[in-house]
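Dear colleague,

I am handing over the structure below, together with some notes on its charged side chains. Please read the notes alongside the coordinates.

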Amino acid sequence: MFSPVMSQPLTRSLALAAVLAGAMVGCVSAPPPEVITIETPVKTPIPPVQRWLRWSETVSTMSPSQLSDTLEGMAEPGNANQFFYYGLLSQQSDTYDGWVAARDIFRELQEDEALTRGQRRLAGLLERFNQSRINWFHSRDELRIEYESLQQETAALQEQNTLLEQKIQAITDVEATISTRKEE
């Protein structure tokens with residue numbers, strides 16, 4: 001049976017065990033809270049060659065009037081970035097003199113050791129591009145001159161052909177006249 005005297009030590013034991021368990025729980029330290037770091041994006045500088053490529057993209061979309069206004073309002077370039085931009089504008093102008101100016105600027109930039117390897121390579125590509133445009137212009141111009149010369153030769157040959165036809169007709173007429181007189 002259940003005696004109240006016996007239940008007291010048991011109740012005390014359970015109470016003591018509960019207190020000790022609670023104390024132990026309080027003694028055990030909780031794991032440290034997880035540290036969450038919020039990284040703010042560090043704005044990395046744009047590589048110089050990427051900046052040049054963006055300028056190239058911008059200049060390629062300019063209208064002829066925007067292009068001429070920008071070229072007219074531009075001061076004499078003073079550093080590599082300004083020379084590059086001026087070269088882009090000159091290249092985009094679609095004139096022979098613009099291509100020559102752009103080629104010369106990009107050639108100088110390609111040889112500038114102060115620039116990054118990527119910048120020098122881009123300048124080299126643009127220099128070759130403008131040189132190929134210049135070469136194309138010269139070959140087209142040579143073909144135009146050759147065409148005009150052939151046109152003149154053709155006109156002269158046609159004139160000679162017409163004169164020969166007239167002479168042949170005159171000789172044929174003379175022979176016909178001689179043949180008619182012999183018969184009479």
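Which residues are linked in a network of salt bridges? In this predicted model, the network joins Asp141, Arg144 and Glu148. Within it, the side chains of arginine 144 and aspartate 141 meet with an N to O distance of 2.6 Å, and because these two residues are three residues apart in helix H6, about one helical turn separates them. Both ends of this pair have some accessibility: arginine 144 is partly exposed at 39% relative accessibility, and aspartate 141 is partly exposed with a relative accessible area of 24%.

The structure holds five salt bridges, and two others deserve a description here. Arginine 133 and aspartate 94 form a salt bridge through their side chains, at 2.5 Å from N to O; this pair links distant parts of the chain, since arginine 133 lies in helix H6 (residues 117-183) whereas aspartate 94 lies in the loop between helix H4 (80-92) and helix H5 (96-110), 39 residues apart. Arginine 133 counts as buried, its relative accessibility being 17%, which is under the 20% cut-off.

Glutamate 127 and arginine 107 form another salt bridge, in which the closest N and O atoms are 2.8 Å apart. Here too distant parts of the chain are linked, with glutamate 127 in helix H6 and arginine 107 in helix H5, 20 residues apart. Glutamate 127 is buried, with a relative accessible area of 9%, while arginine 107 counts as partly exposed at 31% relative accessibility.

Key:
Residues numbered from 1 in each chain as written. Predicted model: local features only at pLDDT ≥ 70, side-chain atom pairs only at ≥ 80, totals over all residues. Heavy atoms only, no water. Salt bridge = Lys/Arg side-chain N within 4 Å of Asp/Glu carboxyl O. Helix = DSSP H or I, 4+ residues; strand = E, 2+ residues; numbered from the N terminus. Buried < 20%, exposed > 50% of the residue type's maximum accessible area, 1.4 Å probe, protein only.
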